Amino acid sequence: MNRGVEEERARIPMSQRPEWADIRPVPQYDGPNPVVPIAYTDEFSETMDYFRAVYLADERSPRALQLTKEAIFLNSGNYTVWQFRRLILDALNVDLHEELHFVDQITKDNSKNYQIWRWVAEKLGTQIASKELEFTREIFSQDAKNYHAWSHRQWVLQALGGWENELAYCDELLEDDIFNNSAWNQRYFVVTRSPLLGGLEVMRDSEVAFAIKAILAKPENESPWRYLHGLYKNDVNSLVNDPRVASVCLDVLLDKRDCVHALNMVLDLLSHHHQPSNELKDAVDAVSPDPKPSDSNFAERVCSILQLVDPIRASYWRWRKTSIPAQD
Amino acid sequence: MAELMTEKHVKYILSVEKKKDDFESVVMEHLRVNGAYWGLTTLDILGKLDAVDQDEVVSWIMQCQHESGGFGGNIGHDPHILYTLSAIQVLALFDKIDVLDVENVANYIASLQNEDGSFSGDMWGEIDTRFSYIAICSLALLHRLDKINVERAVKYIVSCKNLDGGFGCTPGAESHAGQIFCCVGALAITGSLHHVDKDLLGWWLCERQVKSGGLNGRPEKLPDVCYSWWVLSSLIMIDRVHWIDKGKLVNFILDCQDKENGGISDRPDDAVDVFHTYFGVAGLSLLEFPGLKAIDPAYALPVDVFAAASNHDGMN
């Protein structure tokens with residue numbers, strides 16, 4: 001396991017460190033026949049034996065603080081150690097900027113660590129908003145979809161601010177990977193919640209253009225299609241009446257590229273009484289594999305085609321066929 | 001169809017490898033209570049729960065309980081709601097919920113509810129809809145849902161609903177199959193499924209199935225056996241499971257088995273672990289694979305266990 005700077009020094013066993021001479025270590029007790037037996041390294045065992053000793057004695061000292069650091073390096077997922085470390089930090093009134101640096105180190109090695117995100121930041125308040133945003137940005141450079149990092153980033157923006165560059169950051173991430181659903185979700189978050197952008201109504205037009213561009217680049221990408229729906233929340237008639245939507249479906253189908261999402265969008269439009277052009281109908285029929293479905297009702301025909309091109313979800317498309325509203 | 005290597009999986013669970021310096025084991029130490037739930041529930045689904053010493057397990061679990069009423073991940077660990085549910089579920093497997101001081105545990109869980117209806121995981125305050133599910137499932141098993149403000153709990157969960165019909169960990173967070181299971185499960189248990197747009201969510205969920213037949217947890221992510229549980233149980237709770245290709249999913253799960261040494265991994269040919277072994281077997285149970293005990297999709301316990309727990313103590 002990567003332990004950063006600590007790795008450079010060879011570890012001196014606790015039993016040989018003079019500053020720990022007065023402590024009697026407390027061994028782990030699993031019971032006589034452990035249910036889920038776990039193997040431990042000597043290093044881990046010894047560190048935890050000493051930790052148990054200070055924990056049971058509730059010793060909130062500098063050496064105890066250092067010990068929690070060693071224990072965390074060995075296993076950063078241990079609640080008890082983190083919680084005790086926090087008690088010590090409070091008792092010793094330690095400079096929390098240093099703690100943030102330590103937490104950054106740990107998270108770089110194990111970015112799915114739950115408990116370290118919020119506690120230090122809340123204590124430090126608004127002064128560290130940009131630092132926290134940078135912190136999550138670094139995680140995203142390794143793992144752009146890290147769920148808890150995204151949750152933390154959203155919390156930082158709402159609690160501490162820093163919205164200024166967030167939409168641009170989403171642009172950046174989507175340029176790296178247009179398929180990053182987390183970035184699409186964040187985009188929606190910014191567009192709807194940023195105090196600097198004016199809200200969904202104001203942003204809708206340019207965001208529709210953005211989504212359409214993404215769709216044309218990779219029509220098999222789920223995210224921009226859903227994003228498009230999201231931009232028209234509670235106002236599906238505007239979606240249906242926006243000529244760009246039917247137009248992008250047509251463009252995708254004419255190109256004969258992966259078309260499931262386009263066909264699905266066509267179906268959504270038809271379900272809200274959109275009147276399809278002949279061009280669109282021809283394009284849909286052209287992408288159908290043989291034997292071409294013969295439903296006379298266009299919407300039903302779209303469902304039949306979807307059953308053929310997306311057979312794994314045939315049951316779903318069959319259901320869609322039964323729920324098409326009566327056509328005009 | 002490939003075979004389910006039942007005997008090998010049982011053997012795997014009963015004798016987890018004791019390699020020295022096994023990193024995974026070291027990392028697992030603080031969440032052994034979760035591990036016990038995964039392992040024991042799998043054994044029960046496979047009909048082999050009697051292979052373990054019930055008294056020893058119960059005794060060890062009770063030693064994990066903190067005076068606050070909550071359970072830690074192992075003996076001497078601080079309590080957290082995550083381990084509290086697993087502890088209750090393990091006791092339920094053995095029909096031993098009566099060894100608990102129910103009032104004590106219920107009070108601990110109730111103390112974690114916040115003003116807005118959300119739940120924290122422990123005294124340090126992390127909020128996540130997973131904890132809403134855990135609180136609701138735990139209290140339902142203990143027949144003490146009256147201890148919390150259910151209406152507010154539901155309101156908070158609904159505030160985490162996204163436009164794709166899915167749910168995230170907090171309001172605005174990305175829809176994720178694991179979080180969806182938690183939210184839908186909590187809504188199911190509290191009789192609040194009318195808040196779910198079943199058609200919209202059902203479609204999002206069935207879109208998780210990829211060509212190999214496996215399920216992912218979010219768009220454009222890799223399939224993982226654990227989603228066989230989270231996506232599947234969610235679909236069952238909203239009556240839309242027929243929208244996925246069950247046969248292909250069964251084959252995917254079976255392909256994730258280690259046919260030599262037992263256990264199931266996240267995807268074919270990866271290393272196995274108890275977590276994925278449980279979700280694979282539980283998923284197969286939901287898919288009605290022959291020879292397995294039925295499992296309740298909301299409570300994540302075998303149906304007969306849940307029925308027994310429901311019959312205890314008429315209080316609701």
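1. Aromatic cluster in chain B. In this predicted model, one aromatic cluster is formed by Y37(B), W38(B), Y133(B), F181(B), Y227(B), W229(B), W230(B), F275(B), Y278(B) and F279(B). Over all chains, the structure holds 26 aromatic pairs.

2. An aromatic pair in chain A. Two rings are described by the distance of their centres and the angle of their planes. Y55(A) and F84(A) pair edge-to-face, at 5.4 Å centre to centre and 80° between the planes. The angle counts as edge-to-face because it is over 60 degrees. Y55(A) sits in helix α1 of chain A and F84(A) in helix α3 of chain A, 29 residues apart, so the pair links distant parts of the chain.

3. Buried or exposed? F84(A) is buried, with a relative accessible area of 2%. Y55(A) is partly exposed, at 22%.

4. Size of the interface. The area buried between chain A and chain B is about 5400 Å². Carbon and sulfur atoms give 54% of that area. The contact takes 54 residues from chain A and 62 residues from chain B.

5. The rule finds three salt bridges between chain A and chain B. E222(A) forms a salt bridge with R208(B), and the closest N and O atoms are 2.7 Å apart.

6. What chain A brings. Several helices each supply at least two residues of the side that touches chain B, among them α1 (42–57), α7 (147–160) and α11 (222–231) of chain A. α9(A) gives the most, with six residues. By class, this side of chain A has 23 nonpolar, 20 polar and 11 charged residues.

Key. Residues numbered from 1 in each chain as written. Chains lettered and ligands numbered in written order. Predicted model: local features only at pLDDT ≥ 70, side-chain atom pairs only at ≥ 80, totals over all residues. Heavy atoms only, no water. Contact = heavy atoms within 4.5 Å. Buried area = accessible area lost by both parts, 1.4 Å probe. Salt bridge = Lys/Arg side-chain N within 4 Å of Asp/Glu carboxyl O. Helix = DSSP H or I, 4+ residues; strand = E, 2+ residues; numbered from the N terminus. Nonpolar A, V, L, I, M, F, W, Y, C, P; charged D, E, K, R; others polar. Phe/Tyr/Trp six-rings, centres within 6.5 Å; stacked < 30°, edge-to-face > 60°. Buried < 20%, exposed > 50% of the residue type's maximum accessible area, 1.4 Å probe, protein only.
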